[in-house]
Amino acid sequence: MSITTEAAAPVGKAWKSKEEFLGCVILTDWILLFVLFLVLLGSYHIHYMLLAGDWDFWIDFKDRRMWPTVAPIVAMCFAAAAQSFFWTRFRLPFGATVVTLALLVGEWINRYDNFWGWTFFPISLVFPSALIPMAFWLDVVLLLSGSWLVTALLGSLGWGLLFYPSNWPVLAQYHQAAEVDGVLLTLADLIGFNYVRTGTPEYIRMIERGTLRTFGKDVVPVAAFFSGFVSMLVYFLWWHFGKWFARTDYLANDEI
């Protein structure tokens with residue numbers, strides 16, 4: 001028969017002390033935060049992959065026209081909704097950074113597990129786009145202004161303008177010119193041609209064709225400004241989506 005000095009929980013209570021109760025509350029909070037992070041990761045990842053698609057998958061698709069136009073607009077949706085949730089409910093100005101970090105965690109897991117682990121595509125062909133600097137800008141504008149309207153105007157415009165410069169330090173080396181069998185192409189195109197992707201029709205790869213060069217060959221600035229203006233509209237819409245999903249409904253006593 002063993003003798004223990006540990007005090008038993010009082011009759012009718014599940015905890016032995018107030019400290020044990022607070023520890024369970026803190027543990028529950030961490031579990032809920034982890035589950036919320038996973039929910040943001042999964043939902044944002046599915047949304048971004050379905051709408052941005054090949055423009056974010058392949059290095060040779062990260063061109064000067066479609067990629068800086070499509071990717072920021074698509075990425076703005078969940079960033080605006082997350083900002084609305086964290087700001088209106090908790091007055092925390094880091095919604096865009098949190099949800100973008102969740103997306104990039106899922107992106108890197110997907111790239112290493114699926115693209116490299118299963119199909120042996122090199123990471124230099126499939127690395128995800130950098131979105132953290134854009135999220136920092138969006139959250140800083142909201143923090144300093146305290147207004148979602150100012151964030152929709154200045155933050156969203158900066159979101160579109162910062163996309164290409166944020167990715168250029170990594171992307172520049174793959175835009176070096178190379179001549180292969182008498183054909184002038186970039187290193188990104190060379191990688192894409194050597195790692196053929198089934199189910200990718202050749203017409204999709206014609207990404208540099210368009211009329212944006214009418215503006216004096218300044219393709220990236222025009223695409224970035226257009227992306228910023230459209231991101232303003234997307235921010236307005238998805239801010240209200242996030243606010244609607246974060247609302248709290250109360251029932252009157254006679255309805256209970």
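Reader: Why is R91 called exposed?

Author: In this predicted model, R91 has a relative accessible area of 53%. The cut-off for exposed is over 50%, so R91 counts as exposed.

Reader: Where does R91 lie?

Author: R91 is in the loop between α3, residues 67-90, and α4, residues 95-116.

Reader: What is the phi of D181, and where is D181 found?

Author: For D181, phi is near 55 degrees, again a positive value in a residue other than glycine. D181 sits in the loop between β1, residues 177-180, and β2, residues 183-186.

Reader: How do you know whether D181 is buried or exposed?

Author: Its relative accessible area is 78%. Buried would need a value under 20%, and exposed needs one over 50%; D181 is therefore exposed.

Reader: How many helices and strands does the protein have, and in what order do the elements run?

Author: The protein has nine helices and two strands. From the N terminus, the order is α-α-α-α-α-α-α-β-β-α-α.

Reader: What share of the residues counts as buried?

Author: Of the 256 residues, 41% count as buried, the cut-off being under 20% relative accessible area.

Reader: What is the accessible surface of the protein, and how much of it belongs to carbon and sulfur atoms?

Author: The accessible surface comes to about 15200 Å², and carbon and sulfur atoms account for 70% of that area.

Terms used: Residues numbered from 1 in each chain as written. Predicted model: local features only at pLDDT ≥ 70, side-chain atom pairs only at ≥ 80, totals over all residues. Heavy atoms only, no water. Helix = DSSP H or I, 4+ residues; strand = E, 2+ residues; numbered from the N terminus. Buried < 20%, exposed > 50% of the residue type's maximum accessible area, 1.4 Å probe, protein only. Areas by Shrake-Rupley, 256 points an atom, 1.4 Å probe, with all protein chains shown as cover.
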